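Please open the model in your viewer and follow the selections below in order. Each stop names what to select and then states what is found there.

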Amino acid sequence: MSTSAIRTRELTRTYRMGTDTVVALCDVSLAVRPNEYLAVTGPSGSGKSTLMNLLGCLETPTAGDYWLNGVHVSRMSGRELARVRNRQVGFVFQTFNLLERCSAVQNVEAPLIYARMRRRERLKRATEALERVGLADRLAHRPSQLSGGQRQRVAIARALVTRPSILLADEPTGNLDSATGAEVLTLFDSLHSDGHTLIVVTHDAGIAARAQRRIEMLDGRIKADTGASGEARA
């Protein structure tokens, strides 16, 4: 399992809705290589978000197995999963999720506070992450003083500051205009070139086309799995 950044085997997630059982994800087996750039597409209700939550250790599967960097995480406790999330997974959301009363650097250093890192090292790491996304001159700015694209860059810096092995992005350009969204996607291209493993959930075919590999979800299953060559993998 250690040769894959991510590997799942028959991953399944069900939910109880009153007396009914809803199958959100069904028997998904998937392997993602280190430094792969993967786009996950599909209509609403296809299982994209459920898959993202499971891969990001935000939820546990009802059945099946999940290995992250060779470690079997699908049966971990909530506390163990939180530790894995903080150390190995970076999240970028459509809504930014920034603390309005905090500066850019304070927002970025927040995950390191939970990791109990010393303040001097936190500030150094947060500053470096903001420099990486082109915001070296915006360290003291609050979210209200930043454009939408800059706020998303702060969110990306926050995702990177723990130096995670996996970066998960859920509709990362959904609240941005086309020009600003293109800038964020160019940044993703750069991060991939630097060696990051990227998984992007999107409805946008243009965004998906930038990835090396594209997975299409339907009814909780993988409908198609296409690599950069255009040949279907599954």
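**The pockets and the sheet**

Begin by selecting α2 (78-88), β6 (89-93), α3 (104-114) and α5 (148-160): each of these elements contributes at least two residues to the lining of the largest pocket. The model is a predicted one. The space in this pocket amounts to about 470 Å³. Next, display Asn-86, Phe-91, Pro-111, Tyr-114 and Arg-158, which are the closest to the pocket centre among its 17 lining residues. Coloured by class, the lining of the largest pocket shows 10 nonpolar, 5 polar and 2 charged residues.

The lining of the second largest pocket comprises 3 charged, 2 nonpolar and 1 polar residues.

Now turn to the open sheet, whose 4 strands follow the order β2-β1-β4-β5 with antiparallel pairing. Select β2 (20-32) and β5 (71-72) at its edges: each has a single partner strand, so one side of each is left without a neighbour in the sheet. Then select β1 (residues 6-17), which pairs with β2 in the antiparallel sense over 9 bridges. Within this pairing, show Arg-7 together with its bridge partner in β2, Ala-31.

Finish with helix α1 (residues 48-55), which packs on the sheet and touches β1, β2 and β4 (63-68). Viewed against β1, the direction of α1 makes an angle of about 120° with that of the strand.

Definitions and conventions
Residues numbered from 1 in each chain as written. Predicted model: local features only at pLDDT ≥ 70, side-chain atom pairs only at ≥ 80, totals over all residues. Heavy atoms only, no water. Pairing = 2+ DSSP bridges. Contact = heavy atoms within 4.5 Å. Axes fitted to C-alpha atoms, helices over the stretch in contact; angles between N-to-C directions. 1 Å grid on protein atoms, 1.4 Å probe; cavity = no way out; pocket = protein on both sides within 12 Å on 5 of 7 lines; lining within 4 Å. Points joined across faces, edges and corners; volume = space filled by probe spheres on them. Nonpolar A, V, L, I, M, F, W, Y, C, P; charged D, E, K, R; others polar.
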